[in-house]
Amino acid sequence: MSQRPVIGVTVSARSGWRIFPLIALNVWLAGGHARRWQAGRAAEIAAVDGVIIGGGDDISPDLYGGKLVGRARLDPARDTLERRLVEAARAENLPVLGICRGSQ
């Protein structure tokens with residue numbers, strides 16, 4: 001039997017405990033093994049076969065030249081982590097799937 005691909009999944013430090021199990025189940029059903037990544041923990045692109053940028057807090061408008069209108073819950077540490085991971089995944093030609101926050 002072939003080994004299941006390992007998929008790194010980014011989640012919020014605030015709500016990742018709720019969301020990660022659901023994404024991990026779907027990754028498993030698709031034949032993979034999910035690894036949880038969040039700001040403040042190790043996340044190495046060399047250890048995975050693909051990346052999922054999960055949903056959660058808003059992306060800081062500073063990253064795309066926008067401006068904050070009204071109130072939003074931001075997570076700058078997560079923005080930094082995900083930007084690094086997406087750039088590294090692109091450099092290694094690894095697939096990236098953006099869900100909600102990640103597809104923006």
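Helix α2 holds both Arg78 and Glu82, which sit 4 residues apart, about one turn of the helix. Helices here are DSSP runs of H or I with at least four residues, strands are runs of E with at least two, and both are numbered from the N terminus. This is a predicted model, where local features need pLDDT of at least 70, side-chain atom pairs count only at pLDDT 80 or more, and totals for chains, interfaces and linings use all residues. Residues are numbered from 1 along each chain as its sequence is written, and side-chain values use heavy atoms, with hydrogens and water left out.

The structure holds 2 salt bridges. A salt bridge is a side-chain nitrogen of Lys or Arg within 4 Å of a carboxyl oxygen of Asp or Glu.

| Salt bridge | N to O distance |
|---|---|
| Arg78 and Glu82 | 2.7 Å |
| Arg83 and Glu87 | 3.5 Å |

Arg78 and Glu82 are both buried. Buried means under 20% relative accessible area, exposed over 50%, and partly exposed in between (1.4 Å probe, protein chains only). Arg83 is partly exposed, at 44% relative accessibility. Glu87 is partly exposed too, with a relative accessible area of 48%. Arg83 and Glu87 are 4 residues apart in α2, so about one helical turn separates them.

Now the helix as a whole. α2 has 16 residues and spans 23 Å from its first C-alpha to its last, close to the 22 Å expected at 1.5 Å a residue. That expected span is 1.5 Å times one less than the number of residues. Its buried residues are Arg78, Asp79, Leu81, Glu82, Leu85 and Ala89. Down the axis of α2, they fall within an arc of 165 degrees, so they line one face of the helix. The arc is taken from the directions from the helix axis to the C-beta atoms. On the other side of α2, Pro76, Thr80, Arg90 and Ala91 are exposed. Just after α2, Asn93 has a positive phi of about 60 degrees.

What covers the buried residues of α2? The cover includes β1 (6–10), β2 (33–37), β3 and β4 (96–98).

The largest nonpolar core has 10 residues, among them Val6, Trp37, Ile45, Leu81, Leu85 and Ala89. Such a core is a set of buried Ala, Val, Leu, Ile, Met, Phe, Trp, Tyr and Cys residues joined through side-chain atoms within 4.5 Å. α2 gives the largest share of this core, 3 residues. Ile45 is in contact (heavy atoms within 4.5 Å) with residues including Trp37, Val51, Leu85 and Ala89, leaving aside neighbours within four places in sequence.
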